[in-house]
Amino acid sequence: MQTATVTETRRVVYDDAVVRGFVWASVIWGAVGLLVGLLIALELSFPALNADLPWLTFSRLRPLHTNAVIFALVGNMMFAGIYYSSQRLLKTRMASDLLSKVHLWGWQAIILGAALTLPFGITQSKEYAELEWPLDVLVVLVWVAFAVNFFWTLAIRNEKNLYVSIWFYISTILTIAVLYIVNNLALPVTMTKSYGVFGGAQDALTQWWYGHNAVAFFLTTPILGIMYYFLPKAADRPVFSYRLSIVHFWALVFIYIWAGPHHLLNTALPDWAQSLGMVFSLMLWAPSWGGMLNGLLTLRGAWHKVRTDPVLKFFVAGVTFYGMATFEGPLLSIKSVSALGHYTDWIIGHVHSGALGWNGFMAAGMFYWLVPKLFGTKLHSTKMADYHFWVGMVGILLYVASMWVSGISQGLMWRAETAEGGLQYTDWNTILNSQQIMYMTRSIGGLLFVIGWLLMIYNLITTAMAGKAVTVEVDVPVTRIAPLPGDPSTIKLVFSKPVIISALGLVAASMFAMPSIGLAVMGFVILLAVVAFAAGMLFKSTHVGRHTWHDMIESRPLAFSVLTLIAVVIGGVIELLPGLVLDKKVPIAANGEMCVQPYTALEITGRDIYVREGCYVCHSQMIRPFRSEQLRYGAPSRIEESMWDHPFQWGSKRTGPDLARVGTKWPAAWHWDHMRDPRSTSEASIMPGYPWLFDGLTDPALAQDKMRVLKKLGIPYTDEQIAAAPEAHRKQADAICADLATQGKNDARPDQEAVALIAYLLRLGRNLEPDQTRTAGAGGK
């Protein structure tokens with residue numbers, strides 16, 4: 001156990017200027033993100049709001065909305081909370097004012113970059129990771145500046161042990177770095193276009209390993225750290241249970257990382273990965289609710305304050321929404337429940353109960369507590385804050401309830417069959433428009449939440465204007481932290497008894513996923529018990545007293561960080577490694593050709609237009625193995641059908657029907673009319689028109705450059721195919737124009753973007769059936 005020796009008292013001046021900067025950034029960007037969300041919600045009821053402008057379409061603005069709420073509203077709020085609480089918990093100023101400023105302004109530059117690229121179709125099409133590679137590089141550089149500043153501050157701290165909030169901050173910084181870098185590995189084509197190194201099912205698994213854990217380690221763990229600091233401060237009560245916080249932390253950071261595949265249930269993903277995600281998602285119930293209860297029970301003896309204190313109202317409601325969202329998430333990870341809810345509005349309701357209820361209300365509570373202290377005054381209007389709470393609460397309930405009703409109704413209508421065994425609802429728009437009352441209710445709920453947010457902005461600005469920026473100076477004891485004689489080193493702590501037992505337990509648990517060696521599990525568990533006993537003898541404490549292993553690592557930031565990194569990385573390695581090391585096998589058809597041919601030059605161009613326009617936002621390309629989906633769309637999707645897709649396009653929401661086999665359903669002329677005016681082919685469609693596709697021009701030479709990059713990623717293009725790409729591009733476009741002319745579309749030109757997109761759509765679903773006895777390597781036959 002380390003000892004802390006007081007050597008002197010030093011005056012510390014906290015850097016709250018950076019805190020104020022992040023607070024105002026969160027408040028202002030948050031308003032922008034919420035208003036964009038309100039606009040796109042209304043577009044689903046009033047398609048005319050798209051205004052035939054590319055940068056106003058639902059599919060381009062939706063990624064802007066999600067990025068603004070996640071990285072601008074919650075991100076800036078998170079950084080404000082971390083900078084404020086860390087300095088006080090560590091009893092020192094942040095190590096570098098320069099790095100703090102780089103972090104503050106660099107992060108705003110990233111958000112501005114997102115606002116200037118996503119509406120213009122510059123996107124990777126990966127949920128929560130849409131930014132193209134130059135902005136990805138900037139994200140990494142800014143995150144490194146943040147991490148260096150944070151861990152440097154840990155090194156110069158004047159508090160021996162790390163409080164629970166710091167644990168969650170450490171997990172966030174380390175895990176987001178790993179997630180973001182791995183998921184965004186890509187090869188650039190131009191400054192605004194790149195292709196991710198992963199493709200098909202591997203890309204899907206990697207994306208949702210990232211996407212799920214971005215929710216976990218960006219929207220959850222840092223906000224839990226903020227809860228553990230600000231809730232006790234606001235209630236003037238200690239945290240309910242220190243032991244429960246230990247269990248909460250380690251169980252959460254370890255289990256969360258495994259749960260990503262539950263976003264891909266009932267897809268072409270291998271069953272072992274789906275089952276892994278489902279089981280670990282169900283296990284998340286325990287630590288998540290442990291954290292919720294630890295937060296709520298902190299208010300024991302202070303519940304009477306909730307009636308009059310708006311800060312506590314927001315915190316209590318936020319923590320409760322956290323509990324509800326973390327109950328619903330594991331529920332939706334059960335395969336049978338996912339079969340009903342996936343791709344529907346139910347998922348939208350689930351996401352927004354967390355984003356608005358948990359993140360939004362925790363942000364509001366923190367701001368109402370923090371801003372008066374940052375400006376040395378009282379909150380301008382407690383009554384206005386109460387109005388904000390109740391208006392926001394009603395808005396969230398209307399939003400979530402309407403999406404529950406809409407989503408469950410959609411799931412039931414999609415699968416409804418007649419007595420004769422056919423689909424009861426064959427027209428997609430009949431199903432979609434039957435939920436318009438729910439869409440309007442959702443918009444009303446969103447409007448109420450926006451009104452509450454605007455009330456908060458006025459209240460906070462008025463509060464700040466009534467005071468002035470405060471510089472906090474405190475006298476703190478400067479401590480020299482040194483180990484006692486006989487204390488284990490950091491390396492011994494990392495390889496100590498609890499770690500060894502946990503590692504062996506993990507190996508045993510992993511063996512359950514391998515039925516072929518299931519009989520060995522029982523013997524391994526017996527061996528584990530023997531090793532655990534031996535480890536207990538080897539690592540028995542040499543000190544008298546109640547100093548536990550966790551006491552020791554709390555005072556060793558390096559050991560704590562290493563163990564946290566191990567806990568979160570091991571799940572990712574087990575999930576992702578099999579797909580990375582196994583050879584990619586290409587199924588061969590009976591005629592000796594690859595079942596799935598790489599895209600032609602024109603199809604690549606069309607696919608990139610599909611990505612640019614955000615078609616993946618409303619359409620999936622994954623037919624699940626359900627009778628109703630086979631009746632509506634065709635044969636279930638096979639895993640190899642997306643093997644050349646960089647990025648994958650399985651989708652996560654069906655505002656429009658699945659497109660995995662749309663190439664076999666409609667001719668080129670239908671797509672031509674549908675893109676120009678969707679109501680001309682589907683009278684009740686809410687899809688916007690895309691008139692700019694008939695003016696935009698394609699570049700065959702650029703398609704050639706794209707093929708060169710894709711070849712480096714394993715797509716089996718030959719040098720001859722790449723050399724002939726521009727000519728092949730023109731020939732295929734000419735053939736489509738000739739086909740369109742036979743159907744009365746005489747204005748079609750080979751260089752139009754609409755022609756390229758039609759080429760891609762006509763390709764979907766036109767793959768050969770595999771001969772089960774034959775496969776080839778990635779290079780083909």
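Student: Is cysteine 615 buried or exposed?
Tutor: Cysteine 615 has 15% relative accessibility, so it counts as buried. Buried means under 20% relative accessible area, exposed over 50%, and partly exposed in between, with a 1.4 Å probe and protein chains only. This is a predicted model: local features need pLDDT of at least 70, side-chain atom pairs count only at pLDDT 80 or more, and totals for chains, interfaces and linings use all residues. Residues are numbered from 1 along each chain as its sequence is written, and side-chain values use heavy atoms, leaving out hydrogens and water.

Student: Which cysteine sulfur is closest to that of cysteine 615?
Tutor: The one in cysteine 618, but at 8.3 Å it is too far for a bond. A disulfide is a pair of cysteine sulfur atoms within 2.5 Å.

Student: How many disulfides does the structure hold?
Tutor: It holds 0 disulfides.

Student: Different topic. Where is serine 281?
Tutor: Serine 281 is in helix H9, residues 271-283. Helices are DSSP runs of H or I with at least four residues, numbered from the N terminus. At 0% relative accessibility, serine 281 counts as buried.

Student: What does serine 281 touch?
Tutor: Leaving aside residues up to four places away in sequence, it touches Ala259, His262, Pro330 and Ser333. Contact means heavy atoms within 4.5 Å.

Note on methods:
Helices (H or I, at least four residues) and strands (E, at least two) are DSSP runs, numbered from the N terminus.
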